[in-house]
Amino acid sequence: MSYPWWHVPFLTAPMLIALIATVHVLVSHYAVGGGLFLAVETSHAYKHNDEGYLAYLKQHAWFFVLLTVVFGAITGVGIWWIIGLASPLATHFLIQTFVFGWATEWVFFVIELAAGFAFYYFWGKLDRRTHVAMGWIYAAAAWISLVLITGITAFMLDPGQWPETHNFWHGFFNPQFLPQVLARTGAAFLLASMYVYFHASFKCQDTDLLRYIERRSSRPAMLGSALVASGGLWWYLLLPASSKAALQGAAVINVLMVIMFTLTIVVFALLYIGPYRNPGWLSPGFAIMFLGFGLAATATGEYIREAVRKPYIVYNLVLGNQVLAEKVPLLRENGFIEGTRWPSAWLAARHPQLVTTHPDGSLTVDEQGMLALPKYDRVEIGEVLFMYHCNDCHAERSGVNAMEHLLTGWSREMVATSVRHPEKLKYFMPPWSGTDAEAEILTDYLMDMRPEMPEGMFFGGRHDSLSDVQAMIGNTVEEAR
Amino acid sequence: MDPNGLIAPVNELGYPAPFWFLIFFRVLGFTLHLLPMNLWYAGTITAMLLGLSRIPEARRFSARLMSQMPFIIAFGVNLGIVPLLFLQVMGYRVFYSATILMAWQWLAVIALLCLAYYGVYIYAVGLRTAKQGQLKAWQRASGWASALLFILIAVIFHSAMSTMADPGSWPAIAEQTGRAAAVYGTAHSLADPHMWVRMLFFFGLALTTTAAYVSFDGAMLAGHETDDYRKWTRGFAPQLYTAALVVYGIGGLLYANSWDAGLRDYMTAGSALPFAALAAIGPAIPLGLLWLGRNAAKAGLWVIIAQFLVLGLHAIARQLAQNFRLAPYLDIAADPVKMQVGPLVMFLVSFVLGLGVLGWIIAKLVQANRKAVVSGQ
Ligand code: HEM
C-alpha cells in the first residue's frame with residue numbers, strides 16, 4: 001500500500017465506511033424514488049384539479065428537500081470522504097478508473113439540485129406544465145445518477161472484462177450492472193412509498209386523503225418490492241463463484257440474505273392485503289413499522305453487497321487489505337515491508353542498519369537481521385505487519401473480529417500456519433503477501449497477544465503436547481481406550 | 001523518517017486525461033467553489049453581525065443573505081466536488097496521506113457541515129415564518145452556531161491543505177500521533193502559525209467576496225426591495241470591501257513572511273511573480289468599480305464578475321505556490337497519460353447538455369419571477 005494506515009481502535013477503519021454508507025443509502029434511494037413520486041403525483045393531481053392532494057404534495061416536497069438536499073447530499077459526500085481515509089488504495093484505483101463517470105454524475109447532481117429547488121420554491125409560480133416538467137427533470141437526473149454510481153459499485157463485485165482490456169465501458173457495463181440497477185430502482189420505489197407513508201401518516205389530517213395516498217403509493221411500493229426481489233435473484237445468479245460461496249459459507253450473511261428476501265416478500269404481501277386492497281391500515285405506527293422494514297431490507301442488502309466481496313474490495317483487483325492482487329507474488333518474493341511505503345520508511349528510521357536505500361529510492365530490507373532482533377523489537381515490527389496486513393478486518397485486542405479472541409489457546413504452530421496461509425484458513429482472507437521471515441515476525445506479535453486457554457477448562461493452561469495432555473488428564477491413550 | 005519515503009509512488013494506471021486538462025478543471029472548479037464558499041465562510045458571520053445593527057437596511061441584507069444561504073450552500077458544496085475529484089486524480093500521491101494523518105478532523109467536516117447546514121435552514125425558516133422579523137432565541141442561536149461552524153470547517157480545510165503541501169512535516173506527525181507505522185488520524189495544525197496566517201489572509205479574501213456580493217445583491221437581486229435598500233448596498237459594499245482588504249493585506253503580509261526563502265524567491269522574483277502580483281493587486285479592480293459605481297444602479301454585476309476574476313487569480317497563484325512546495329517531493333506532471341477518450345467525451349457532452357438544461361430552468365424561473373412582479377404577487 002502507498003498510504004498510511006488509519007488505525008481505528010475497536011471498530012477498524014473500514015467499519016466506518018459501512019456505517020456512513022448504510023445511513024446514506026437509506027436517504028439516497030428516497031432521493032430517487034421520491035422525485036419520481038412527486039413528478040407523477042403532481043401531474044396526476046393537476047389533471048384532476050385535486051387541490052387537497054396538491055397541498056399535501058407541496059408539504060411533502062418540503063420534507064423531501066430538507067432530507068435529501070441536506071442529509072442525503074452531505075452523507076453522499078461523506079462516503080467519498082470516508083473511503084478515501086479508510087480504503088485509500090481502492091479509492092484511488094476506482095477514481096483513476098472512473099473519474100469521468102463521477103464527473104458526469106456531478107453534472108446530473110447539479111441538474112437535480114436546480115430542478116429540485118425550482119420544483120419546490122416555485123410551486124404556484126410556474127405554470128403547471130413547466131412545474132411538472134421540473135419534477136420530471138429532477139426525477140430523470142436522479143435516476144441517471146443512480147445508474148452511474150451503480151456501474152461503479154457493481155464493478156467492485158465483478159469487473160467483467162476490465163482486467164484484460166482496461167476499458168472504461170467494459171468495466172462500467174459489467175455483469176452485475178443490470179441486476180443492480182434493477183434492484184436499486186426497486187429499492188428507490190419501495191423506500192419512497194415508505195417515506196410517503198411515514199410523512200403522510202403524521203402530517204395529513206384529512207382521513208379520506210390519507211386513504212387515497214395510502215392506496216396510490218401502494219402500487220409503486222409493490223412494484224418496487226418485486227423489482228428488489230427479481231433484481232436480487234438475478235444478482236445472486238450472476239455472482240462470482242467465490243461470492244456465492246461466501247454467501248453460503250458465512251452464517252451471518254446467509255441469515256441476512258434470507259431475512260432480506262423474507263422481508264421483501266412480507267412487505268409485498270402486507271402492501272397488497274393492506275393499503276392496496278383495504279386502505280385504512282395506514283397509521284403512524286404502521287408507517288414506522290413499514291419504514292423500518294424498508295430500511296432494514298435496504299441496509300441488509302447493502303451489507304451483503306459489501307460482505308460478499310471478501311477477500312476483495314474490487315474483485316480480483318484490490319484485496320481487502322489494500323494490496324493490489326497482481327502485486328502479491330512480488331511482495332512474497334521481496335517482502336511486504338519492502339513493497340509498502342509507510343512501513344518501509346518506518347523501519348528505515350527505527351532500524352537503519354536493516355535497510356539499504358538505493359540511489360533510485362528503492363529499499364532492501366535485511367530479513368535475517370530482522371529475525372535476529374530482540375523479541376521486543378520483533379513484536380513491534382510484527383505489529384506493523386498486523387496493521388497493514390490484517391487490521392482492515394481485525395481489531396487487535398477487542399472489537400470487530402478481534403484477533404486476540406480468535407487466537408485463544410492456539411499453539412505457535414497453528415498461528416504460524418494461519419499467517420502463512422490465511423486464504424486456506426478462511427478463503428475470504430487475502431493471501432499472505434510477505435516473506436517467510438516476515439511471517440515469523442507477525443507470528444511473534446500474534447503469540448505475544450494470544451491468550452491462554454481460559455482458566456477452569458479441562459484443557460486449561462499451557463498444555464500443547466500430547467504428553468502434557470496426558471499428564472493433565474492423568475491417563476494415557478491406552479487407558480482411554 | 002524520510003519524507004521522500006512517504007510519498008506514494010506513481011500509479012501505472014496513469015492520468016485519464018492530459019495534465020493541462022486536469023489542472024484546468026481543478027483550478028476552474030476551485031474558483032467556482034470559492035465564490036459561494038467565501039459567502040458562507042465570511043458571509044454567515046457578517047450577516048449575523050449585521051443582524052444586530054440598528055440600520056434597517058443592514059438588517060435587511062442580513063435577512064436576505066441568510067435566506068439565500070441554503071441555495072448558496074447547496075450549489076457551493078456541489079461545486080466543491082469538481083476540484084476534489086481532480087485533486088484526487090492528480091494529487092493522490094500526497095492528498096490521501098495528508099488527510100489520513102488528520103482523519104478524524106477531516107471526517108468531522110461531514111458532521112459539522114450537516115449541522116451548520118441545518119442551522120442555516122432553521123434560521124432561514126425562522127425568517128420566513130417569524131412575526132415582525134422576531135426570531136426565536138433558538139433560531140438565532142442556530143444562525144450563530146452555523147457561522148462559527150463554517151469557520152471551524154474552514155480551519156480544517158486550511159489544516160488539510162497546509163499538511164498536504166508540506167510532506168516535510170509528516171514524519172513528526174506520524175511519530176507523535178501513530179503507532180507501529182500506522183496513524184491514529186488525530187493530527188491537527190492548530191499549533192502551526194503558518195496555517196493561522198494563511199487563514200487570516202484567506203478570510204480577508206472571503207470578506208472581499210462578501211462585500212462584492214452586497215453590491216451584487218443590491219444591483220441584481222433586490223428588485224422587490226426599497227430604493228433605500230439598494231442605495232445602502234452601494235454605500236456599504238465599498239466600505240466593507242476596503243475593510244476586508246485591510247485584513248487581506250495584513251494576512252497576506254504575514255503569510256508571505258512565513259514563506260521560506262525558496263518560495264519567497266519563486267513568488268516575488270521567479271516565474272510565479274506575474275501571477276502573484278496579479279493576485280495581489282487584482283482586488284483593486286472590484287474595489288475601484290465599487291467606489292466609482294456608487295451611483296450606478298447595475299455596477300454590482302460588474303463588481304461580482306471582477307471578483308470572480310480575482311478569485312481565479314488567487315486560485316492560480318495558490319496552485320503555483322502549492323506545486324512549488326511539493327516540487328522537491330514529486331512532480332505532479334510526471335504521471336503517464338492513458339487517455340480515456342470515450343468517457344471524457346461523455347463527460348463533456350453531458351456537461352454541455354447540462355448547461356443547456358440549467359439555462360432552460362433558469363430562464364423559466366426568471367420568467368416566472370417577472371410574471372409574479374407584474375401581477376403584484
Ligand atoms: C463538503 C463539501 C466540500 C467540498 C467537496 C470542498 C472541496 C474543496 C477542495 C477540493 C478544496 C481544495 C482545492 C484545491 O486545492 O485544489 C477546497 C478548499 C477549501 N474549502 Fe472547500 N469543500 C467543501 C466544503 C467546504 C466548506 C463547508 C468550507 C467551510 C468554510 C470549505 C472551505 C474551504 C477552504 C477555506 C478552502 C481553502 C483551503 C486552503 O487552501 O487552505 N469548503 N474545498
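## Polar contacts between the chains

Between chain B and chain A, 17 residue pairs are in polar contact, both residues of each pair being at pLDDT 80 or more. The model is a predicted one. On the side of chain B that touches chain A, α3 (56–101), α4 (103–129), α6 (170–176), β2 (182–183) and α13 (341–374) of chain B each give two or more residues. The largest share of this side, 19 residues, is supplied by α3(B). Sorted by class, the side of chain B that touches chain A holds 56 nonpolar, 14 polar and five charged residues.

Four salt bridges are counted between chain B and chain A. One of the salt bridges joins the side chains of Arg350(A) and Glu175(B), at 4.0 Å from N to O.

## Extent of the interface

The contact involves 75 residues of chain B and 77 residues of chain A. The size of an interface is often expressed as the accessible area lost when the parts come together. Chain B and chain A bury about 7000 Å² between them, and carbon and sulfur atoms give 77% of this area. Of the area that chain B buries against chain A, Leu13(B), Tyr96(B) and Ala181(B) supply 8%, more than any other three residues.

## A nonpolar surface patch on chain B

Met220(B), Leu221(B), Ile285(B), Leu289(B), Leu301(B), Trp302(B), Ile305(B) and Leu309(B) make a nonpolar surface patch of about 710 Å². At least two residues of the patch come from each of α7 (193–221), α11 (284–292) and α12 (299–326) of chain B. Helix α12(B) provides the largest share, four residues; Leu309(B) lies in helix α12 of chain B.

Technical notes: Residues numbered from 1 in each chain as written. Chains lettered and ligands numbered in written order. Predicted model: local features only at pLDDT ≥ 70, side-chain atom pairs only at ≥ 80, totals over all residues. Heavy atoms only, no water. Contact = heavy atoms within 4.5 Å. Buried area = accessible area lost by both parts, 1.4 Å probe. Polar contact = N/O pair within 3.5 Å; in protein donor to acceptor, adjacent residues only side chain to side chain. Nonpolar A, V, L, I, M, F, W, Y, C, P; charged D, E, K, R; others polar. Patch = residues over 30% accessible without salt bridge, like charges linked within 9 Å, V, L, I, M, F, W, Y side chains within 5 Å. Areas by Shrake-Rupley, 256 points an atom, 1.4 Å probe, with all protein chains shown as cover.
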